[in-house]
Amino acid sequence: MLYKYETHLHTSEVSKCAVSTGAEMARAHKEAGYTGIFITDHFINGNTTVPANLPWKQRMVLFAKGYESAKEEGDKIGLDVFFGWEYTHMPYAADYLTFNLGLDFLLAHPEINEMPFEEYARLVKASGGILIHAHPYRTADYIKFEPNPQVHLIDGVEVNNIVSNSPNNHNHLAWELARAHPRLIRTSGTDIHSAGNAGLAGMAFPYRIESNQHFVDALRAGEGYLIIDGENTDLEGNRILPNEEACSSSS
Ligand SMILES: [Zn+2]
Ligand SMILES: [Zn+2]
C-alpha cells in the first residue's frame with residue numbers, strides 16, 4: 001500500500017484565490033484516501049488575505065491560520081497535516097514551494113518579504129529548508145515569464161501541476177527541465193484551491209511520512225511516487241499497477 005500526500009494546497013483563510021477552508025481541505029483529502037496534506041498558502045508576497053499594515057508577528061500568526069484550521073480538523077479525523085508555503089519571486093511572479101521550515105523561521109526573518117530571490121534561496125537552504133519550483137513554465141497574465149529557471153537555486157521541480165487542468169501549466173516543459181537536471185527532485189501537486197478537486201495529484205510513499213524532515217529525506221532518496229490524474233506513477237510518470245504496488249510493499 002502507498003501513503004498519499006497532497007503537496008500543493010491553498011486554504012481560503014490565507015490564500016485570496018482559494019474557496020475552501022483548511023478544515024474542508026482536510027476532510028476532502030481524508031475522504032479521497034490521503035494520509036496527509038502539506039499546506040502551501042501563498043506567502044504574504046503573493047495573493048494573500050493577510051493585511052499588510054500589521055506588525056510582522058501578527059501577519060505571520062494570520063499566515064498560519066489555514067494550517068491551524070487544517071491541523072485541528074486533521075487531528076480529529078486522522079489526517080497528517082504539515083506546514084509549508086508558496087513563496088513568490090517578484091518581479092517575475094515565479095512561485096517556489098518551501099518545505100521543512102516552520103513558523104519560527106518566518107517570525108525570525110521579516111526581511112524575507114523584501115529579499116532578492118537569490119538571498120531567500122540561500123537563507124532557506126542554510127536553515128534546512130528546500131525549494132521546489134512550482135509550475136515553472138506556467139503562462140498567465142500575472143506571471144512575467146522567466147525564461148531560465150534558476151536551477152542552481154532550487155532543489156526540485158513540480159513536474160505535474162494541474163490547477164484547473166490548465167494547458168497553461170506546460171507540464172511537458174517542466175518534465176524536460178527535470179530530465180535535463182537529474183539532481184532535481186520531482187514532485188506532483190494539485191495546486192488545489194477548492195476541496196472538490198481533492199485526489200487528483202500529489203506524492204505517494206511506501207511508508208508513512210513522520211515529519212517535514214522525513215518528507216525531504218524521502219524525496220531526496222527518490223523513494224516517492226507521483227500521483228498524476230489520480231493514478232500512482234513512478235518518477236518517470238509511468239503508471240504503476242495495483243499488483244506492483246502490492247509486490248513492492250511486501251518485498
Ligand atoms: Zn492561488
Ligand atoms: Zn499554488
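This is a predicted model: local features need pLDDT of at least 70, side-chain atom pairs count only at pLDDT 80 or more; totals for chains, interfaces and linings use all residues.

Trainee: Which residues are the protein donors of the zinc ion (ligand 2)?

Mentor: They are His8 and His10, each through NE2, Glu86 through OE and Asp191 through OD. These donors lie 2.0 to 2.3 Å from the zinc ion (ligand 2).

Trainee: How are those donor residues spaced in sequence?

Mentor: The pattern is H-x1-H-x75-E-x104-D.

Trainee: And His8, buried or exposed?

Mentor: His8 counts as buried, because its relative accessibility is 0%. His10 is buried as well, with a relative accessible area of 0%.

Trainee: What separates the zinc ion (ligand 2) from the zinc ion (ligand 1)?

Mentor: The separation is 4.9 Å.

Trainee: What are the protein donors of the zinc ion (ligand 1)?

Mentor: Cys17 gives SG, while His42 and His193 each give NE2. They lie 2.1 to 2.3 Å from the zinc ion (ligand 1). Cys17 lies in the loop between strand S1 (3-6) and helix H1 (22-31), and His42 is in strand S2 (residues 36-42), so the pair ties together parts that are 25 residues apart in sequence.

Trainee: What spacing do the donors of the zinc ion (ligand 1) follow along the chain?

Mentor: C-x24-H-x150-H.

Trainee: How accessible is Cys17?

Mentor: Cys17 has a relative accessible area of 33%, so it is partly exposed. His42 has a relative accessible area of 10% and is buried.

Trainee: Different topic. Which residues of helix H5 are buried?

Mentor: In H5, residues 117-126, the buried ones are Phe117, Tyr120, Ala121, Leu123 and Val124. Seen down the axis of H5, they fall within an arc of 165°, so they line one face of the helix. An α-helix has 3.6 residues a turn, so residues three or four places apart point the same way.

Trainee: What is on the other side of H5?

Mentor: Arg122 and Ala126, which are exposed there.

Trainee: And what covers the buried residues of H5?

Mentor: The cover includes strand S3 (80-89), strand S4 (94-99), helix H4 (103-108) and strand S5 (130-133).

Trainee: What comes just after H5?

Mentor: Gly128, which takes a positive phi of about 95°. Gly128 sits in the loop between H5 and S5, and with a relative accessible area of 34% it is partly exposed. Leaving aside neighbours within four places in sequence, Gly128 is in contact with Asn100 and Leu101.

Trainee: Another loop, then. Where does Asn169 lie?

Mentor: Asn169 is in the loop between strand S6 (156-161) and helix H6 (171-180). Asn169 counts as buried because its relative accessibility is 1%.

Trainee: What does the side chain of Asn169 make a polar contact with?

Mentor: With the side chain of Arg138, at 2.7 Å. The side chain of Asn169 also reaches the backbone oxygen of Asn161 at 3.0 Å. Beyond neighbours within four places in sequence, the residues in contact with Asn169 are His135, Tyr137, Arg138, Asn161, Ile162 and Val163.

Trainee: Last topic, strand S9. Which way do its residues point?

Mentor: Tyr225 and Ile227 point one way from S9 (residues 225-228), and Leu226 and Ile228 point the other way. All of them are buried.

Trainee: In what sense do strand S8 and S9 pair?

Mentor: S8 (residues 202-205) and S9 pair in the antiparallel sense over 3 bridges. Tyr225 in S9 is the bridge partner of Ala204.

Trainee: And how many bridges join S9 and strand S10?

Mentor: S9 and S10 (residues 231-233) pair over 3 bridges, in the antiparallel sense. Asn232 in S10 is the bridge partner of Ile227. S9 and S10 form a hairpin with 2 residues between them, and Asp229 in the turn has a positive phi of about 50°.

Notes:
Residues are numbered from 1 along each chain as its sequence is written. Chains are lettered from A and ligands numbered from 1 in the order in which they are written. Side-chain values use heavy atoms; hydrogens and water are left out. Buried means under 20% relative accessible area, exposed over 50%, partly exposed in between (1.4 Å probe, protein chains only). Helices (H or I, at least four residues) and strands (E, at least two) are DSSP runs, numbered from the N terminus. The arc is that of the directions from the helix axis to the C-beta atoms. Contact means heavy atoms within 4.5 Å. A polar contact is a pair of N or O atoms within 3.5 Å; within protein, one must be able to donate a hydrogen and the other to accept it, and residues adjacent in sequence count only if both atoms are side-chain atoms. Donors are N, O and S atoms within 2.8 Å of the metal (3.2 Å for Na, K and Ca); water is not among the atoms, so sites may look incomplete. Two strands pair if DSSP finds at least two bridges between them.
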